[in-house]
Amino acid sequence: MKNVTDAFLSLGHWPFAGSFGFNTDILATNPINLSVVIGVLIFFGKGVLSDLLDNRKQRILNTIRNSEELREGAVEQLEKARARLRKVESDADQYRVNEYAAIERDKLNLINSIYTTLEQQEKNNKETLRFEQQRAINQVQQWVLQQAFQGALGTLSSCLNNELHLRTISVNIEILGAMQELKN
């Protein structure tokens, strides 16, 4: 033990051969110790470090691969969504065109229906007017005939005898009967 203690106490001296001790000369021992430690670390740590780096590399590559797959899936979904959007827009445009056409068709049908109804109403009005005119004409004709007959009867009764009177009445009745047949 004395040698060990002497080695600690005597700075700068190497212990004797065959004895074990610590060299306390920092400048002489540090590069040797460092080279030994680095050598051991490189020898034993090379495999561990290589495995760690390989694992890290694999995780990074897997993450990149997964990201690429996710990106491709997202791009595919985006394209599907765009295709659906285009289809929906196309369907909406087609629906809009069809509805506008249906509205125009309904509008034309309504206009035609109103026009037909107005024509029918005008025809009915003309028919009613003509009927009323004919009725008024018939009433005036009957009144005129009645007045004429009364005047003629008055003149005949004052001027004619009974036999002539009866013959004139018969002729007038036949004329009236013919007029009634013409009306019907």
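View 1. An unreviewed UniProt entry marks residues 64–98 as a "coiled-coil region". The model shown here is predicted. In this model, residues 64–98 are 100% helix and 0% strand.

**View 2. The whole chain, for orientation.** Read from the N terminus, the order is α-α-α. Helix 2 covers residues 26–159, and helix 3 covers residues 162–183. The protein chain has 184 residues, and 3% of them are buried. Keep that value in mind for the later views of single side chains.

View 3. Over residues 32–49, the chain is 100% helix and 0% strand. The end C-alpha atoms of this span are 23 Å apart.

**View 4. Phe43 and Phe44, an aromatic pair.** The structure holds one aromatic pair. Phe43 and Phe44 form this pair, and its geometry is edge-to-face. The ring centres are 4.9 Å apart, and the planes make an angle of 85°. An angle over 60 degrees counts as edge-to-face, which is why the pair has that name. Are these two side chains buried or exposed? Phe43 has a relative accessibility of 63%, so it counts as exposed. Phe44 has a relative accessible area of 58%, so it is exposed as well. The cut-off for exposed is over 50%.

View 5. Side chains of opposite charge can pair when their charged atoms come close. The structure holds nine salt bridges. One of them joins the side chains of Glu68 and Arg71, with 3.5 Å from N to O. Both residues lie in helix 2. They are three residues apart, about one turn of the helix. Glu68 has 37% relative accessibility, so it counts as partly exposed. Arg71 has 47%, so it also counts as partly exposed.

**View 6. Glu104 and Lys107, another salt bridge.** How far apart are the closest N and O atoms of Glu104 and Lys107? They are 3.5 Å apart, and the two residues form a salt bridge. Glu104 and Lys107 are three residues apart in helix 2, so about one helical turn separates them. Glu104 is partly exposed, because its relative accessible area is 41%. Lys107 is also partly exposed, because its relative accessible area is 41%.

View 7. The side chains of Glu132 and Arg135 meet in a salt bridge, with 3.7 Å from N to O. Glu132 and Arg135 are three residues apart in helix 2, so about one helical turn lies between them. Glu132 has a relative accessible area of 34%, so it is partly exposed. Arg135 has a relative accessible area of 42%, so it is partly exposed too.

**View 8. The largest pocket.** This pocket holds about 170 Å³ of space. Which helices supply at least two residues each to its lining? Helix 2 and helix 3 do. Among the lining residues are Gln141, Gln142, Leu145, Gln146 and Phe149. The lining also includes Leu176, Met179, Gln180, Leu182 and Lys183. By class, five lining residues are nonpolar, four are polar and one is charged.

**View 9. His165, a buried residue in helix 3.** His165 lies in helix 3. Is His165 buried or exposed? His165 has a relative accessible area of 19%, so it is buried. The cut-off for buried is under 20%. Leu153 is 12 residues away from His165 in sequence. From C-alpha to C-alpha, His165 and Leu153 are 8.4 Å apart in space.

Notes. Residues are numbered from 1 along each chain as its sequence is written. This is a predicted model: local features need pLDDT of at least 70, side-chain atom pairs count only at pLDDT 80 or more; totals for chains, interfaces and linings use all residues. Side-chain values use heavy atoms; hydrogens and water are left out. On a 1 Å grid over the protein atoms alone, a cavity is a set of points where a 1.4 Å probe fits but cannot get out, and a pocket is an open set with protein on both sides within 12 Å along at least five of seven lines; lining residues have an atom within 4 Å of a point. Grid points are joined across faces, edges and corners, and a volume is the space filled by probe spheres set on the points. Helices (H or I, at least four residues) and strands (E, at least two) are DSSP runs, numbered from the N terminus. Ala, Val, Leu, Ile, Met, Phe, Trp, Tyr, Cys and Pro count as nonpolar, Asp, Glu, Lys and Arg as charged, and the others, Gly among them, as polar. UniProt positions are given in the numbering used here, feature names are shortened, and annotations may be inferred rather than shown by experiment. A salt bridge is a side-chain nitrogen of Lys or Arg within 4 Å of a carboxyl oxygen of Asp or Glu. Buried means under 20% relative accessible area, exposed over 50%, partly exposed in between (1.4 Å probe, protein chains only). Rings of Phe, Tyr and Trp (its six-membered ring) pair if their centres lie within 6.5 Å; planes under 30 degrees apart count as stacked, over 60 as edge-to-face and the rest as tilted.
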